[in-house]
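This report describes the arrangement of the strands and helices in the model shown below.

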Amino acid sequence: MAKVTIAECRTFFLAVTEKAAEMGVPLSMAVVSAEGHLIALERMDDAGFITPDTARAKAYTVAAFRSMSPRFQDGLIIQQWFKERNPQMMMNASVFSNGQIVASGGCAPIFKGDEMVGAYGISGATSDQDEIIGQYARAKVGWNHKPENDDTPESVKQHINEIYGKVGLDKRAL
């Protein structure tokens, strides 16, 4: 069984910090296991006091929902899915999980081969900035946000691509 190591997390955090400093946004970042257990958490100087909890909650949310369905590619998809179906359910999920459910940009699953090994969350900038920083850091360390052999059904891919269009990410597609 593959896993995310603390050394990988440190490398990811360095890349996040590099991009965040370039953009002038102090933030926090978290990595959880595929089961949602915290592996690593870091808060940059001057990041808001609530950002560590939010980063961890974003990572937890992705781990929880992605493990249920390939439909949940990242936090933006999860957020839009709840908006389209039942926004109150998002609030309920947050309450019954003790605040661990937060869907927003700046979080995604981490895959090694075809196995989801964890998820990351970034918080402290705007949702769009968190997303840009996450994509940068993920690319820099070589983390994949989807399985190597993507067996997501075409109908699901079409739905996800429609959601990306709705949230302004027309250039992103599965």
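Strands E1 and E4 run antiparallel and are joined by six bridges; helices (H or I, at least four residues) and strands (E, at least two) are DSSP runs, numbered from the N terminus. Ser 28 stands opposite Ser 123 in E4. The model is predicted, so that local features need pLDDT of at least 70 and side-chain atom pairs count only at pLDDT 80 or more, while totals for chains, interfaces and linings use all residues. Residues are numbered from 1 along each chain as its sequence is written, and side-chain values use heavy atoms, with hydrogens and water left out.

**The sheet**

An open sheet is formed by four strands in the order E2-E1-E4-E3, with antiparallel pairing; two strands pair if DSSP finds at least two bridges between them. Strand E2 (38–43) and strand E3 (107–112) are the edge strands, each pairing on one side only. From one strand to the next, the twist averages 15°. Axes are lines fitted to C-alpha atoms, for helices over the stretch in contact, and angles run from 0 to 180 degrees between N-to-C directions.

E3 is joined to strand E4 (residues 115–123) by six bridges, and these two strands run antiparallel. Phe 111 has Met 116 in E4 as its bridge partner, and Ala 108 has Tyr 120 in E4. E3 and E4 form a hairpin with two residues between them, and Gly 113 in the turn has a positive phi of about 65°. Of the nine residues of E4, eight are buried, where buried means under 20% relative accessible area, exposed over 50% and partly exposed in between (1.4 Å probe, protein chains only).

**Helices on the sheet and against each other**

H1 lies across strand E1 (28–33), E2, E3 and E4, and runs at about 30° to E2. H2 also packs on the sheet, where it touches E1, E2, E3 and E4, and its direction makes about 150° with that of E4. Contact means heavy atoms within 4.5 Å.

Helix H2 (residues 51–68) packs against helix H3 (residues 75–85) at an angle of about 70°, and their axes are 10 Å apart. H2 is therefore roughly perpendicular to H3; angles under 35 degrees count as roughly parallel, over 145 as roughly antiparallel, 65 to 115 as roughly perpendicular and the rest as oblique. Thr 61, Val 62 and Phe 65 in H2 meet Gly 75, Ile 78 and Phe 82 in H3.

**Aromatic rings**

Rings of Phe, Tyr and Trp (its six-membered ring) pair if their centres lie within 6.5 Å; planes under 30 degrees apart count as stacked, over 60 as edge-to-face and the rest as tilted. By this rule there are four aromatic pairs, including the two tabulated here.

| Pair | Centre to centre | Angle between planes | Class |
|---|---|---|---|
| Phe 12 and Phe 13 | 6.3 Å | 50° | tilted |
| Phe 65 and Phe 82 | 5.5 Å | 85° | edge-to-face |

Because Phe 65 lies in helix H2 and Phe 82 in helix H3, their pair ties together parts that are 17 residues apart in sequence. Both Phe 65 and Phe 82 are buried. Phe 12 is buried, with a relative accessible area of 0%, and Phe 13 is buried at 4%. One aromatic cluster is formed by Phe 12, Phe 13, Tyr 120 and Trp 143.

**Lys 19**

Is Lys 19 buried or exposed? Lys 19, found in helix H1 (residues 6–23), is buried, with a relative accessible area of 15%. Leaving aside neighbours within four places in sequence, Lys 19 is in contact with Ile 132, Ile 133 and Tyr 136.
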